[in-house]
Amino acid sequence: MTTTPVAEHAAHPTTIDSVVIRFCGDSGDGMQLTGSQFTETAAVFGNDFATFPDYPAEIRAPKGTTYGVSGFQVHFSSRDIHTHGDDVNVLVAMNPAGFRTNIRDVHPGGIVIVNEDEFTASQLKKCGYPDGYNPLQDDDLLARYEILPIPMSRLTRESLADSEMGAKAIDRCRNMYALGMVYWMYDRPLDPTIAHLNRKFGGAKGKPEIAEINIRALKAGYYFGETAEVFPAKMRVPPAKLEAGTYRRISGSEAMVLGLVTAGHKAGKRIVYASYPITPASNIIQGLANLKRLGAKTFQAEDEIAAVCAAIGASYAGNIGVTGTSGPGLALKAEALGLAVMFELPLVVIDVQRAGPSTGMPTKTEQADLMMAMHGRSGECPCIVLAPRSPGDCFGMAVEAVRLAVRQCCPVIVLSDAYVANGAEPWRVPDLDDVPAIEVRHPSRAEVGEDWLRYTRDASTGAPAWVLPGTPGLEHRIGGLEKGEDGNVSYDPDNHDRMTRLRAEKIAKAAEVIPPLEVRGPESGEVLMLGWGGTYGAITTAADALRARGRSVSSAHLRYLNPMPSNTEAVLRSFDRVVVPEINSGQLRMLIRSRFLIDAAGINIVRGRPLNVDTLIERVTELMDGEGGAA
Amino acid sequence: MSENGDATVSEVKLSAKDFASDQDVRWCPGCGDYAVLAAMRKALPRLGHKKEDYVFVSGIGCAARFPYYMDTYGMHTIHGRSLAVATGIKISNPDLKVVVVSGDGDLLSIGASHTFHAMRRNVDLTIVLLNNRIYGLTKGQYSPTSEYGKITATTPEGSLDYPVNPVSFAAAAGCTFIARAIDVDQPGLDEVLRRAIEHKGTSFVEVYQDCNIFNHGAWFYASQKDSRAETTVQLRHGEPLVYGKDRDRGILFRNGRPIKVTVEGGASASDLVTHDETDRSRVHVYSQMSHPDFPEVMGVLYANPERRTYDAMVDEQVRNAEVEDREAELRRLMKGSESWEVHETVDGPS
């Protein structure tokens, strides 16, 4: 790795172990790019990190309004971290609207760098400040935060004064100017971002002049930090001490895409991914559409129902049918999921959950589709349900989804969420050889023998064979009507009762091949914090902190929700109290209570945002000290 | 199976019996569906494809029970979604011969969107629409092809819906093969079914089918021996549109509109329209020829085998892009473009 020469000559920086930075501005200000570049650099530098992109559903909301604010938070550390951080240490606000919507998340004493050129009377008014008020002159705010007004627009223009580019193009470099300043503050190399800008604009786009002015603005911001002496001491966050191996930055969507193609490869099958555009799941089909070189076929269907039906057809004809969506789309797919349960064909359904109901808050996270995944279909209709706990975990859970769908011949619903899908973390790249092969069998006439019936079940899995059309001598019919073992229609009452049980037993049998639930911390004690999905980081960090304070608190995270690992009940019963934090009104808690008759308590916050570690610590402490908690 | 998208030819000579499954047919006695089933079982052996390469797919409705009665691979899916499932089958394995058989409610009401999109994509499959202009399985409600004013279980004062014309619908969607037949006309059915299944692309066959329980006689004007010659005109490529018991009547187009003429009464045969099944612009005019103002056209209205099929193109894009060493490519992709190495193991994530 090379470093920027100026960094090497810089004064000795102060070493700190962890920083949370949030970049915010208009949705057209390039904040997502700025944040992801900072992340990429932190990754290359060797920090552990977690990110939280937070953007509006509107692509370009009216400029300067609070609802058009886009933000990107990066937590980077020399320690092993699990969340994007509750409190912001450094806020970079490119306009008053960004300042206004984000300032309350800044830790008291935190640094707030603002583009003061944008704090004009009209901009202040546009974001709703009262006439005559300027937050940069508010004594309370100035006392609470270290506010650093910097004329970024002017400085960017001046640094590019000799450029022949238009004013608009120059103004669009402000984000790189800001990034340059922050790079200086944290003693970061510029090279990764310079390389990225050259690739992004200089390559296929053929606009090296755009790359050039962005790079110049980046450097100008960096040099400003060095010479202007407006910033507090330069700080250094050393690389994290991670397990040895090859690492990369990965987002949940990227990991899901990689996991699917890896599973396809391990099964010797194509992935056929059928989907309809929906936030925040569209990144998966877009990612796979670019992986035809690995045999992936993608199909942008006419609607959500067509997408799941095409995936079912794809599995029937012998590939791995996968569909992906978000909550409203999963609701539309419900009937077809019932069909796949009845057919007993492999199917993977990815639900990147977002805040609902209905259109809800499409870009915000939530965990409120668990009950829909478990029960949201007509009839007795069990599916396997999995949930990745972090961006990198999407890789493994995608592979697991394919493995279990193929083994049990049933739909597997993967509950991701907006936070997991859009967030990023360092990921230790697994050795492809360590990913076990996925065994697939399509029997021939000779292999099944003369007595074969379509729904003859394998004793170990409880699943029927995956017989493909095109196989001579095994012609048969399947359908959504209840069937007998031969696949033909049956209205026999006892048969329906038996088939209902067999379909449920088959799902339950998957527990025999899934890993046990692991406890972090002592395996028995006062409180077990039990979670699932994207809250892993917050719950783990909170439980660790409580233990560090001498509290008897352990944590466990369910990645397999149906069936649950076979030791789940034993784990839960080893603690006096089970507390289930969720971004919903208590859906896992309801399952735990109904299944095990364990009186679990809930911490339920439904704000469309990830859970805060401090809030969890506070609520669990209250609960333990007898001050309440939702029961 | 072959790689080039053609199902291989059966080495064994098959008969209609070979395509009959062991299931008892459970349609009402006298239902028009029996005739279509018989025609299908007779047509397939003469096409020469292996029977294991056929997949019959249906939605919900009386007609949708069709796959159970064919001894091929078959899927009885959910209401309206047969074409979405069928599209997935073809994307997954373009070598299979996929035939969708369903009714007017299934394909033109709840599933109309999928019918439209399969046609516009030109997925290589056959759609057989058994049009009885009624919901039979749910006991007699009006369907999207029922005539205006029709009195049914849900329209006691008469339906206020104007019906959709299936052939116009198919033409608007860009369907590359459009044909029509009547359940009682076995030779006509045989011809269009065989041509439809052999067509490369989406082929659409509308069958006038009698529901003798809930809509008996809906097509009698076109199906009965005494009136058929006057109320229908059989299309043959390259031949003029002549009809009538004595073959003395014909159709000519003037300013794009059809006109009925008597052949002996002034118009010579050369003025009559010569059917050109490659001319897409005519399909709409044909579709507007409706009883009682005009005889209704039967046979192959339109056939364009030139346009490439969706599934073949999807397959081609992937095959062109596929790398030889998938394993190496996957390892490269997993590592990404910006990876870094951590050498010592200290305080790893617990």
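The buried residues of α10(A) are I213(A), N214(A), I215(A), R216(A), A217(A), L218(A), A220(A), G221(A), Y222(A), F224(A) and G225(A).

Biologist: What counts as buried or exposed here?

Modeller: A residue is buried if 20 or more other C-beta atoms lie within 10 Å of its own, exposed if 12 or fewer, and partly exposed in between, with C-beta atoms placed from the backbone. This is a predicted model, in which local features need pLDDT of at least 70 and side-chain atom pairs count only at pLDDT 80 or more, while totals for chains, interfaces and linings use all residues. Residues are numbered from 1 along each chain as its sequence is written, and chains are lettered from A and ligands numbered from 1 in the order in which they are written.

Biologist: How many residues does α10 of chain A have?

Modeller: Helix α10(A), residues 208-228, has 21 residues. From first C-alpha to last it reaches 29 Å, close to the 30 Å expected at 1.5 Å a residue; the expected span is 1.5 Å times one less than the number of residues. Helices (H or I, at least four residues) and strands (E, at least two) are DSSP runs, numbered from the N terminus.

Biologist: What follows just after α10(A)?

Modeller: E229(A) takes a positive phi of about 55° there.

Biologist: Now α10 of chain B. Which residues are buried?

Modeller: In α10(B), Y310(B), D311(B), V314(B), D315(B) and V318(B) are buried.

Biologist: Why are they on the same side?

Modeller: Because they cover an arc of only 130° around the axis of α10(B), the arc being that of the directions from the helix axis to the C-beta atoms. R319(B) and N320(B), on the other side, are exposed.

Biologist: What covers the buried residues?

Modeller: The cover includes β11 (297-300) of chain A, together with α2 (82-92) and α4 (112-121) of chain B.

Biologist: And the sheet in chain B: what is the strand order?

Modeller: The order is β8-β9-β10 in an open, antiparallel sheet; strands pair if DSSP finds at least two bridges between them. The edge strands are β8 (242-243) and β10 (257-262), each pairing on one side only. V242(B) has G250(B) of β9(B) as its bridge partner.

Biologist: Where is pLDDT below 50 in chain B?

Modeller: Residues 1-6 of chain B are below 50, and residues 346-350 of chain B stay under 50. pLDDT is the predictor's confidence in each residue, from 0 to 100. Chain B averages 93.

Terms used:
Contact = placed C-beta atoms within 7 Å.
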